[in-house]
Amino acid sequence: MTQQTFANQFAMRCPQCLASNNIDVTAHVDVRLTRSGSDADASRSGDHEWDAASAASCGCGFAGTVADFLTYQCQNCLAVHNHDKMIVPVPDLEKRLEPGDRVPDGECPACGAVCHQLEDSDDLEQEADEEDREDTPDNDDGGVSDVEIKSLPGDDL
Ligand SMILES: [Zn+2]
Ligand SMILES: [Zn+2]
């Protein structure tokens with residue numbers, strides 16, 4: 001199973017190419033007008049704002065809104081889905097929700113469990129992976145390491 005990681009703090013990834021390191025968001029920014037032009041750092045707010053409705057695009061050519069890039073993690077199989085891959089709304093939501101439960105954002109298309117939005121890359125839960133080791137480098141001239149030495153019969157005369 002491939003481990004999902006995010007190259008941005010917002011747990012966002014492209015719904016088309018699944019990359020998280022190539023996303024541009026169109027933000028609202030105040031600029032101070034100066035003799036040399038406009039300066040975002042000098043503005044009173046010094047801030048920039050964007051939300052789920054802001055335009056966002058990916059280097060692969062996908063263009064949409066921030067909402068398209070948000071991700072949701074299955075609470076059962078830990079798969080990560082973009083919004084367009086989930087089943088929304090969750091079927092039989094009222095029956096499945098315990099009092100005090102966080103309201104899920106959709107249903108996992110893989111296993112049918114509920115999914116919650118990832119708001120921060122740190123929220124991502126990784127499956128404990130004991131087989132973490134990649135294949136060990138193998139030298140091609142070997143192949144004799146595991147020879148089993150059997151005692152030969154008929155040697156007792
Ligand atoms: Zn992309
Ligand atoms: Zn699932």
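Strands here are DSSP runs of E at least two residues long and helices are runs of H or I with at least four, both numbered from the N terminus; two strands pair if DSSP finds at least two bridges between them.

**Before you click**

What you have open is a predicted model, where local features need pLDDT of at least 70, side-chain atom pairs count only at pLDDT 80 or more, and totals for chains, interfaces and linings use all residues. Residues are numbered from 1 along each chain as its sequence is written, and chains are lettered from A and ligands numbered from 1 in the order in which they are written.

**Stop 1: the whole chain**

Show the cartoon. Reading from the N terminus, the elements go β-β-β-β-β-β-β-α-β-β-α-β-β. Now colour by burial: a residue is buried if 20 or more other C-beta atoms lie within 10 Å of its own, exposed if 12 or fewer, and partly exposed in between, with C-beta atoms placed from the backbone. Of the 157 residues, 16% count as buried. As for contacts (C-beta atoms, placed from the backbone, within 7 Å), take those between residues at least 6 apart in sequence: 52% of them join residues at least 24 apart.

**Stop 2**

Select 23–25, 55–58 and 63–65. Strands of a sheet pair through backbone hydrogen bonds, either parallel or antiparallel. This sheet is open, has the order S1-S6-S7, and its pairing is antiparallel. At the edges sit S1 (23–25) and S7 (63–65), each pairing on one side only. From one strand to the next the twist averages 30 degrees; the strand axes are lines fitted to C-alpha atoms (for helices, over the stretch in contact), and angles run from 0 to 180 degrees between N-to-C directions. Zoom in on S6 (residues 55–58), which is joined to S7 by three bridges. Which residue of S7 does Ser57 stand opposite? Ala63.

**Stop 2: the four-stranded sheet**

Move on to the open sheet ordered S9-S8-S11-S10, again with antiparallel pairing. S9 and S10 (106–107) are the edge strands with a single partner each, so each has one side without a neighbour in the sheet.

Start with S8 (residues 71–74). Is this strand covered or open on its faces? Both faces are covered: Thr71 and Gln73 are buried on one side, Tyr72 and Cys74 on the other.

- Strand S9 (residues 80–82) runs antiparallel to S8, with three bridges between them. Thr71 faces Asn82, and Gln73 stands opposite Val80.
- Strand S11 (residues 114–118) is also antiparallel to S8, this time through four bridges. Here the bridge partner of Gln73 is His116.

Then look at S10, which two bridges join to S11 in antiparallel fashion.

**Stop 3: the core**

A nonpolar core is a set of buried Ala, Val, Leu, Ile, Met, Phe, Trp, Tyr and Cys residues joined through C-beta atoms within 7 Å. The largest one has 15 residues, and Met12, Phe69, Tyr72, Met86, Cys108 and Cys115 have the most contacts inside it. S6, S8 and S11 are the elements that give two or more residues to this core, and S11 gives the most, with three.

Centre the view on Tyr72. Leaving out residues up to four places away in sequence, its contacts are His81, His83, Met86, Asp105, Gly106, Cys115, His116, Gln117 and Leu118.

**Stop 5**

Go to the loop between S9 and helix H2 (93–96), where you'll find Pro89. The peptide bond from Val88 to Pro89 is cis, with omega near -5 degrees. Asp92 is in that loop between S9 and H2 too. Although not a glycine, Asp92 has a positive phi of about 55 degrees. Asp92 counts as exposed because it has 9 C-beta neighbours inside 10 Å.

Last, jump back to the segment before S1 and select Ala11. Ala11 is another non-glycine residue with a positive phi of about 55 degrees. Is Ala11 buried or exposed? Ala11 counts as buried, because 23 C-beta neighbours lie inside 10 Å.

Definitions and conventions
Contact = placed C-beta atoms within 7 Å.
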